[in-house]
Amino acid sequence: MDPIDFSKHDYQTELEALRLRFGFDFAGIALPTEDHVGMKIKWRYVSGNLNNRYQRIVLRNGRGIAGTVMKTGKSMTIADTNQEEIQQSLFNFPILLSEQLTALIAIPLWHNHRVKGVLLFGQRNGKPLPNKTHDVINIKGIGSLTSEDRVIL
């Protein structure tokens with residue numbers, strides 16, 4: 001397994017530029033970290049955050065928005081977090097609570113045919129997802145991470 005050197009790219013600056021370009025209130029990149037217990041997923045880069053609570057969010061694979069996207073390798077779009085099924089399980093989505101997100105798009109980020117992170121864009125205060133949502137889902141990636149598992153021949 002080939003590790004990614006995150007120091008070779010300015011993910012923070014690119015994330016900020018993408019958030020502003022597409023008109024979102026919040027953007028974040030969640031990445032896995034290994035420890036003695038196993039893999040944990042944390043929000044490593046954020047833009048437009050309300051506070052620093054995101055730093056305390058620790059997810060397991062398959063849990064939360066980032067964990068679910070990492071496990072399935074599929075994008076997730078929630079146009080309105082006030083949907084009953086989301087509201088009934090808000091504790092499963094701590095980023096929604098800490099950043100007060102009311103709509104979001106989460107995209108898996110790939111490297112060497114494995115999901116290595118999640119790119120999330122969110123809105124607050126009931127603002128709808130931007131009309132450019134289709135463009136957001138088709139982002140080619142960020143740094144050395146791509147938004148789809150491509151085989152380049």
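Predicted model: local features only at pLDDT ≥ 70, side-chain atom pairs only at ≥ 80, totals over all residues.
**Entry 1: the hairpin**

I started at the turn where β4 and β5 form a hairpin with two residues between them. Asn-112 sits in that turn, and its phi is positive, about 50°.

Asn-112 is not a glycine, yet its phi is positive. Is Asn-112 buried, exposed or partly exposed? I looked it up: Asn-112 is partly exposed, with a relative accessible area of 45%.

**Entry 2: the strands around β5**

β4 (residues 101–111) and β5 run antiparallel, and ten bridges join them. One pair I noted is Leu-109, whose bridge partner in β5 is Gly-117.

I then checked strand β1 (residues 26–34). Strand β1 is also antiparallel to β5, with five bridges joining the two. Here Ala-30 stands opposite Val-118 of β5.

I went looking at the loop between α4 and β4, where Gln-100 lies. Gln-100 has a phi near 55°, again positive in a residue other than glycine. Gln-100 is partly exposed too, at a relative accessible area of 48%.

What does Gln-100 touch, once neighbours within four places in sequence are left aside? My list reads Leu-50, Ile-95, Gln-123, Arg-124 and Asn-125. Arg-124 is 24 residues away along the chain, but its C-alpha atom is 6.1 Å from that of Gln-100.

**Entry 3: helix α1**

I moved on to α1 (residues 11–22), a helix of twelve residues. From first C-alpha to last, α1 reaches 16 Å, close to the 16 Å expected at 1.5 Å a residue.

Which residues of α1 are buried? I found Tyr-11, Leu-15, Leu-18, Arg-19 and Phe-22. Looking down the axis of α1, I saw these buried residues fall within an arc of 100°, so they line one face of the helix. The face turned away from that buried side carries Leu-20 and Arg-21, which are exposed.

Just after α1 I noted Gly-23, with a positive phi of about 75°.

**Entry 4: aromatic rings**

I searched the whole structure for aromatic pairs and got three. I also noted one aromatic cluster, formed by Phe-22, Phe-24 and Phe-121. Phe-22 was already in my notes as a buried residue of α1.

**Entry 5: the cores**

Last, I looked at the nonpolar cores. The largest has 26 residues, and those touching the most other members are Trp-43, Ile-65, Leu-96, Ala-106 and Leu-120. At least two residues of this core come from each of β1, β2 (39–47), α2 (64–72), β3 (76–78), α4 (94–98), β4 and β5.

Not counting residues up to four places away in sequence, Leu-96 touches Ile-65, Thr-81, Ile-86, Leu-90, Leu-101 and Leu-104.

Note on methods: Residues numbered from 1 in each chain as written. Heavy atoms only, no water. Phe/Tyr/Trp six-rings, centres within 6.5 Å; stacked < 30°, edge-to-face > 60°. Pairing = 2+ DSSP bridges. Helix = DSSP H or I, 4+ residues; strand = E, 2+ residues; numbered from the N terminus. Expected span 1.5 Å × (residues − 1). Buried < 20%, exposed > 50% of the residue type's maximum accessible area, 1.4 Å probe, protein only. Arc of directions from axis to C-beta. Core = buried A, V, L, I, M, F, W, Y, C linked by side-chain atoms within 4.5 Å. Contact = heavy atoms within 4.5 Å.
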